[in-house]
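Dear colleague,

I am passing on the structure we spoke about, with the sequence alongside. Please have both open while you read the notes that follow.

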Amino acid sequence: MRHLARAARNVIIRIAGQAPWRQRALDENPTYRETPGNMNNISELSERHIAQLHSLYQGEWWTRGRSLEDTRRCVRGSQICIGITSESDDLIGFVRVLTDFTFKAILFDVIVAPSERGKGLGHDLLTLARNHERLQSVRHIELYCLPEMSAFYEKHGFSVDVGDVRLMRLIHA
């Protein structure tokens, strides 16, 4: 049972080029199905993928400075992790989710390798997260973003209209 829970936790979808089955594959649940051609599901991030994720983090202001061990812990502590790898099995996109599977799911670390931006991978990550079987009964899927990213996320159904909600933070020193 522990193995099944772990397998459902971290999913990587390998997407090469603009294969004709791409949209169909993205619309289906990636966790438990076989994929055709050069697409492949694997059950968890390998140590190599975690190192590549850590490298991606170092290129962004919001994740720069995270240690490799911090990266390992955040992947292990997330209920759902979705990655996209290239044909050569390099991690080129990633998103993770923290959730209670009922009321809230929060997307974190939506990231695409700089060399792969503008190719629709951010859209793919959001589609995979939104359509994930384990998130279908969650009432609110939320994320944090900078104002200049709002338009991108609004295209995917996210809204800045959250009433009088205010983000608050406690920093542990």
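Which residues of α5 are buried? Before the reply, please keep in mind that this is a predicted model. The buried residues of that helix are Leu121, Gly122, Asp124, Leu125, Leu126, Thr127, Leu128 and Ala129, and with 8 of its 10 residues buried, α5 is mostly covered.

The helix α5 (121-130) also takes part in the largest pocket, where it is one of the elements that each supply at least two residues of the lining, the others being β4 (91-99), β5 (104-112), β6 (140-143) and α6 (150-154). The volume of this pocket comes to about 1,800 Å³, and among the 45 residues that line it, those closest to its centre are Leu107, Leu143, Tyr144, Cys145 and Leu146. It is β5 that gives the largest share of the lining, with 8 residues. Sorted by class, the lining of the largest pocket holds 24 nonpolar residues, 13 charged ones and 8 polar ones.

A separate point concerns Thr71, which belongs to helix α4, spanning residues 68-77. Thr71 counts as buried because its relative accessibility is 0%, and the cut-off for that word is under 20%. Leaving aside residues up to four places away in sequence, Thr71 touches Ile50, Leu53, His54, Tyr57 and Arg66.

With best regards

Technical notes. Residues numbered from 1 in each chain as written. Predicted model: local features only at pLDDT ≥ 70, side-chain atom pairs only at ≥ 80, totals over all residues. Heavy atoms only, no water. 1 Å grid on protein atoms, 1.4 Å probe; cavity = no way out; pocket = protein on both sides within 12 Å on 5 of 7 lines; lining within 4 Å. Points joined across faces, edges and corners; volume = space filled by probe spheres on them. Helix = DSSP H or I, 4+ residues; strand = E, 2+ residues; numbered from the N terminus. Nonpolar A, V, L, I, M, F, W, Y, C, P; charged D, E, K, R; others polar. Buried < 20%, exposed > 50% of the residue type's maximum accessible area, 1.4 Å probe, protein only. Contact = heavy atoms within 4.5 Å.
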